Amino acid sequence: MKTIAVLTSGGDAPGMNAAVRAVVRYGCESKLRVLGIRRGYTGLINGDMYEMNLRSVSDIIHRGGTTLFSARCPEFKTEKGMNKAIEVCKSNKIDGIVVIGGDGSFRGARDLSLRGIPCVGVPGTIDNDIACCDYTIGYDTALNTIMDMVDRIRDTTESHDRCSVVEVMGRHAGYLALNGGIAAGATSILIPEHKFDVKVDIIDRMARTQETGKKHFIIMVAEGCVDMLREQGIDGTIGLAKYIQDKTEVESRATILGHVQRGGSPTARDRILASKMGYRAVDLLKKGTGNRVVAIHKDEIVDYDIYEALKMEKHIDMDIYKIAMHISI
Ligand code: ADP
Ligand code: F6P
């Protein structure tokens with residue numbers, strides 16, 4: 001192993017820069033040539049890359065986004081795109097790649113590994129939806145952003161005796177909504193992993209709390225709940241706020257937090273996690289080991305075969321949901 005490359009792919013996540021920094025610094029310290037590929041697999045296909053040194057990653061540990069830029073690259077999924085990527089690896093003498101991204105990016109890393117370019121995946125996504133990994137890079141920062149934003153929403157919600165329905169990201173996963181909901185003291189939390197009934201889980205709960213004097217409410221909704229809401233005749237988060245207002249006569253507002261959740265300076269937890277994971281990825285490549293995903297499990301950095309990792313399933317901790325429901329009444 002003489003030359004390694006690093007790229008960030010898919011939706012960006014705070015802490016990706018800290019992971020890139022760890023890869024570049026430890027790679028250079030290990031006397032490897034390190035290339036930074038811009039815009040994920042798009043840059044790989046187009047040969048858009050540059051040689052990095054110890055100073056290339058100065059002053060990025062605290063920055064959100066990714067200084068390598070990111071992209072979604074449909075072409076890479078085609079035979080032609082994959083062949084182009086392999087050619088570029090060969091012509092640039094790339095012996096291994098660290099791929100920082102989500103499970104889509106890991107599928108690409110697996111395909112490259114199968115074709116003789118050893119790749120190591122590092123989980124970077126705010127959604128926390130990588131099955132083999134307890135915490136993904138960016139999740140903690142996004143969670144803290146959600147908490148801060150909902151604290152602000154709570155101030156104005158309380159002043160006006162209103163109900164605020166807050167939609168958070170997560171794609172098909174409810175981690176951000178569940179843990180953001182418990183951290184922000186939401187009265188109800190809707191996640192795609194748990195079947196819900198808007199009447200029972202929101203309207204009735206609000207009525208119970210009103211009996212004890214509660215006048216303002218935060219309802220947390222994962223973006224992945226849209227289909228389940230539609231099945232109950234409700235059109236998304238805005239429709240849910242209208243529905244709540246109709247049924248309860250509590251003036252209601254909807255806030256879709258959106259991409260504010262993806263930006264910002266990473267928390268200490270994300271920086272440390274990213275540093276450890278980036279370091280492990282280089283350690284694996286140094287030994288010539290590819291087709292692995294780095295993860296954290298029970299506070300230990302571990303790694304898995306990509307194929308096995310992609311087959312794993314992760315279940316949301318419903319005990320947390322139960323706790324949230326018992327204490328937010
Ligand atoms: P994430 O990595 O955050 O899950 P995506 O699912 O958008 O994000 O995947 C990022 C990129 O990884 C895609 O644009 C594509 O280039 C590549 N990719 C995704 N799925 C596959 C696949 N099944 N096979 C090969 N490459 C894939
Ligand atoms: O996967 C990260 C994520 O932010 C999801 O939570 C969200 O559904 C999606 O990406 C948004 O993607 P885009 O930035 O392409 O709108």
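This tour goes from the whole chain to single elements and residues, naming at each stop what to select and what is there.

The model is predicted, and local features need pLDDT of at least 70, side-chain atom pairs count only at pLDDT 80 or more, while totals for chains, interfaces and linings use all residues. Residues are numbered from 1 along each chain as its sequence is written, chains are lettered from A and ligands numbered from 1 in the order in which they are written, and side-chain values use heavy atoms, with hydrogens and water left out.

**The two domains**

Begin by colouring residues 3–138 together with 266–311 as domain 1, and residues 140–262 as domain 2; these bounds come from an automatic or database domain assignment. The C-alpha centres of domain 1 and domain 2 are 34 Å apart, and their contact (heavy atoms within 4.5 Å) takes 13 residues from domain 1 and 12 residues from domain 2.

**The seven-stranded sheet**

Next, select the open sheet, whose seven strands follow the order β3-β2-β1-β4-β5-β10-β11 with mixed pairing. Strands here are DSSP runs of E with at least two residues, helices are runs of H or I with at least four, and both are numbered from the N terminus; two strands pair if DSSP finds at least two bridges between them. At the edges stand β3 (49–52) and β11 (300–305), each of which pairs on one side only. Neighbouring strands of this sheet are turned by 25° against each other on average, direction ignored, where axes are lines fitted to C-alpha atoms, for helices over the stretch in contact, and angles run from 0 to 180 degrees between N-to-C directions. Within the sheet, zoom in on β4 (96–101) and β5 (119–123), which pair in the parallel sense over five bridges, with Val 98 having Val 120 in β5 as its bridge partner.

**Helix α1**

Now select residues 16–29, helix α1, which lies across β1 (3–8), β2 (33–37), β3 and β4 and runs at about 175° to β1. Because 11 of its 14 residues are buried, α1 is largely enclosed by the rest of the structure; buried means under 20% relative accessible area, exposed over 50%, and partly exposed in between, with a 1.4 Å probe and protein chains only. The buried residues, including Met 16, Val 20, Val 24 and Tyr 26, pack against β1, β2, β3, β4 and α10 (268–286). After α1 comes Lys 31, whose phi is positive, near 65°.

**Thr 125**

From β5, move on to the loop between β5 and α5 (139–159), where Thr 125 lies. Is Thr 125 buried or exposed? Thr 125 counts as buried, because its relative accessibility is 9%. Among the residues that Thr 125 touches, not counting those up to four places away in sequence, are Ala 13, Gly 102 and Tyr 139.

Then select β8 (217–222), where six of the six residues are buried, so the strand is largely enclosed by the rest of the structure. Phe 217, Ile 219 and Val 221 cover one face, while Ile 218, Met 220 and Ala 222 are on the other. Strand β6 (163–168) runs parallel to β8 and is joined to it by six bridges, and Val 165 stands opposite Ile 219. Strand β7 (188–190), also parallel to β8, is joined by three bridges, and Leu 190 stands opposite Val 221.

Finish at Thr 212, in the loop between α7 (198–211) and β8, which counts as exposed because its relative accessibility is 69%. A polar atom of the Thr 212 side chain lies 2.8 Å from the backbone oxygen of Thr 209.

Key: A polar contact is a pair of N or O atoms within 3.5 Å; within protein, one must be able to donate a hydrogen and the other to accept it, and residues adjacent in sequence count only if both atoms are side-chain atoms.
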